[in-house]
Amino acid sequence: MCVPGCQEALQAALSRRGFFTGAAAAGFAATVIEPAEAAKKKPAKKAELAAGTNAPEGQSYFKGVVDLTHTMSPDFPTFFGVPGIELQKLYDFKKDGFNLNWWRIIEHAGTHLDAPLHFSENGNSVEKIVAGELVVPLAVIDVRKPAEKNPDYLVTVADVLTWEKRFKRLPDNCCVAMMSGWAPYVGNPVKFTGKDASGVFHFPGFSPELAQWLVKERKVLGIASDTLSLDHGPSKDFKTHRIWLPSGRWGLENVANLDKVPPSGATLVVGVPKVKDATGAPVRLIALI
Ligand SMILES: [Zn+2]
């Protein structure tokens, strides 16, 4: 609960960073305030309205919540071809009165975050990424058509410029997501990984040129792909990873349901376990729309 003055301070901090505007601000506000139902019973105070932490009667902060997370299980396709998670039952309800599993997990499996440390010597590990950089505007670049023709498709600068023609410049501190149309294939590992007879993967990714351009020309905090990697399947040098992560930015892989969010205007919430020295971690990704 906010102490007196805290809401004003929070609002001031957010406007200083120019972080949240429009629908994104509405979505963010909902995460820090009491539920809208409670707000209806109690008239909002002027200061609360000014701070954007309460809404006039009948107004809600966001219309819906979309889960951008695939369910994690030992069957989920991984880069290494081994289960990304193993669950061992340590306690059983019938025998012990409660259930409890022990997990053995690969940091980079299922819908997950890549921290800068994943591809750098001294980059930030997961717990060092501040919370304010994990709640961001989401821009979805739809490349389903070219990816359908070419499974090795690389998202280009031109694809982002096409998005910008329609929705204006990428919002500051946003996450740019590639929607290649691969998410629905997740139950079919052969198609999802595209692994051929010689062991080469085939799925779309971000071009290194685009990664470089986003670092230099735009203010972007993260990139997200609906495939196994930020780089496309055949990549051997992981150039996009090598440009993006050492620059201090994060990535997301195996993202689901991007077709359920608008191309512009959603707020992405990256729920990531705060594990010390982690190079990445499975996440619960939520979009407020
Ligand atoms: Zn990863």
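Is proline 151 buried, partly exposed or exposed? At 31% relative accessibility, proline 151 counts as partly exposed; the cut-offs are under 20% relative accessible area for buried and over 50% for exposed, with partly exposed in between, using a 1.4 Å probe and protein chains only.

## Before we start

This is a predicted model, where local features need pLDDT of at least 70, side-chain atom pairs count only at pLDDT 80 or more, and totals for chains, interfaces and linings use all residues. Residues are numbered from 1 along each chain as its sequence is written, and side-chain values use heavy atoms, with hydrogens and water left out.

Helices (H or I, at least four residues) and strands (E, at least two) are DSSP runs, numbered from the N terminus. Proline 151 and serine 180 are 29 residues apart in sequence, and their C-alpha atoms are 8.9 Å apart in space.

Now try valine 190, which sits in helix H8 (residues 189–193). Valine 190 is exposed, at 61% relative accessibility. From its C-alpha to that of histidine 202, 12 residues away along the chain, the separation is 9.8 Å.

Histidine 112 and glutamate 253 are both buried.

## Aromatic rings

A pair of aromatic rings is described by the distance of the centres and the angle of the planes. Rings of Phe, Tyr and Trp (its six-membered ring) pair if their centres lie within 6.5 Å; planes under 30 degrees apart count as stacked, over 60 as edge-to-face and the rest as tilted. How many aromatic pairs does the structure hold? There are 9. One of them joins tryptophan 163 and phenylalanine 167, a tilted pair with 5.1 Å from centre to centre and 45° between the planes. These two residues are 4 apart in helix H7 (residues 157–167), which means that about one helical turn separates them. Tryptophan 163 is buried at 6% relative accessibility, whereas phenylalanine 167 is partly exposed at 23%.

Phenylalanine 201 and phenylalanine 203 have ring centres 6.0 Å apart and planes at 45°, so their pair is tilted. Both of these phenylalanines are buried. They also belong to one aromatic cluster, formed by Phe79, Phe80, Phe119, Phe201, Phe203 and Phe238.

## Charges and a nonpolar patch

Side chains of opposite charge can pair when their charged atoms come close. For a salt bridge, a side-chain nitrogen of Lys or Arg must be within 4 Å of a carboxyl oxygen of Asp or Glu, and the count comes to 7. Among them is the bridge between aspartate 96 and lysine 95, with the closest N and O atoms 3.7 Å apart. Aspartate 96 is partly exposed at 30%, while lysine 95 is exposed at 69%. Another joins aspartate 277 to lysine 276 at 3.5 Å, N to O; here aspartate 277 is partly exposed at 46% and lysine 276 is exposed at 62%.

Leu90, Tyr91, Phe98, Leu100 and Trp102 make a nonpolar surface patch of about 490 Å². Strand S2 (85–91) and strand S3 (100–105) are the elements that give two or more residues to the patch. Patches are made of residues with over 30% relative accessible area and no salt bridge, joining like charges within 9 Å and nonpolar side chains (Val, Leu, Ile, Met, Phe, Trp, Tyr) within 5 Å. Accessible areas come from the Shrake-Rupley method with a 1.4 Å probe, and for residues only the protein chains shown count as cover. Leucine 100, found in strand S3, is partly exposed with a relative accessible area of 37%.
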